[in-house]
Amino acid sequence: PLPANVAHRQRIERIDERGRVVFDDGTVEEEAHAILFCTGYSYSFPFLHGSCGVSVVRDRLVRPVYQHMVNATHPSMFFIGLPYLVSPFPLMDCQAVFAKAVLERRYRLPSGQEMVQWQDNDLEKRTSFGLPTRYGHVLASLQWGYNSKLTSFAGTKPLPPHYQALYDHIKEGRTFRIMAYRQENYRLRDDGRLFDVLTGGEDDGGDR
């Protein structure tokens with residue numbers, strides 16, 4: 001739970017002339033000392049020439065990209081880090097080794113048309129799940145299969161299993177222990193699969 005003086009609210013409609021915060025559901029906060037906007041990010045590439053063939057749809061979908069990273073128009077151009085709701089640095093490492101394999105011609109990309117079709121198929125699948133276009137690069141629980149696919153394409157080792165275990169544990173902490181989870185430290189066990197949670201430098205005795 002959040003501290004007593006912090007509230008998670010939905011969209012703000014306006015701040016009226018008396019300084020009250022009016023939300024789109026009609027409720028009003030009489031006195032707010034601070035407003036923290038958690039709006040996320042939009043994709044923008046103003047530095048790219050139009051000949052690159054890249055467009056951003058509704059600020060959240062980059063087209064045309066294969067495997068969320070390869071420019072299907074110019075396949076030596078890679079967008080590292082487009083997916084979100086992920087563990088970013090392990091994912092970007094997998095993307096980098098895949099890009100390296102492509103550049104070194106150890107992995108042969110499909111044709112440009114096939115790469116565009118891959119993204120079309122991916123979007124169609126997401127739409128069938130009820131997801132809007134702006135979630136076109138959301139991976140969430142799909143990130144682990146995605147990472148494994150990239151490392152397999154590149155002919156390199158997959159991520160160790162404790163990456164996902166740690167991610168899941170921290171995600172749970174951000175949901176249910178938001179004021180305490182940042183105090184935790186972790187110790188990887190010798191088998192490389194499980195880890196111990198250390199609270200304040202002490203082992204809490206829990207298996208993860």
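Colleague: Why does V6 count as partly exposed?

Modeller: Its relative accessibility is 41%. Buried means under 20%, exposed over 50%, and partly exposed in between (1.4 Å probe, protein chains only). So V6 counts as partly exposed. V6 sits in the segment before β1 (12–15). Strands (E, at least two residues) and helices (H or I, at least four) are DSSP runs, numbered from the N terminus.

Colleague: What kind of model is this, and how are residues numbered?

Modeller: The model is predicted; local features need pLDDT of at least 70, side-chain atom pairs count only at pLDDT 80 or more, and totals for chains, interfaces and linings use all residues. Numbering runs from 1 along each chain as its sequence is written, and side-chain values use heavy atoms, leaving out hydrogens and water.

Colleague: How do you know whether Q67 is buried or exposed?

Modeller: Q67 has a relative accessible area of 2%, so it is buried. It lies in the loop between β6 and β7 (70–71).

Colleague: Why is A140 called partly exposed?

Modeller: A140 has a relative accessible area of 23%, so it is partly exposed. A140 is in the loop between α2 (112–128) and α3.

Colleague: Which peptide bond is cis?

Modeller: The bond from R63 to P64, with omega near -10 degrees. P64 lies in the loop between β5 (61–63) and β6 (65–66).

Colleague: What makes a group of residues a nonpolar core?

Modeller: They are buried Ala, Val, Leu, Ile, Met, Phe, Trp, Tyr and Cys residues joined through side-chain atoms within 4.5 Å. The largest core has 19 residues, and Y66, M69, V70, F98, Y107 and L109 touch the most other members. α1 (88–103) and α3 (143–154) each supply at least two residues of this core. The largest share, six residues, comes from α1. A second, separate core of six residues includes Y43, F45, V65 and F79.

Colleague: Which residues does Y107 contact beyond its neighbours within four places in sequence?

Modeller: Y66, F98, A101, V102 and F153. Contact means heavy atoms within 4.5 Å.

Colleague: How do you know that β8 and β9 pair?

Modeller: Pairing needs at least two DSSP bridges. Five bridges join β8 (residues 184–188) to β9 (residues 195–199), which run antiparallel. Five meets the cut-off, so they pair. L188 stands opposite F195. The two strands form a hairpin with six residues between them, and G192 in the turn has a positive phi of about 75 degrees.
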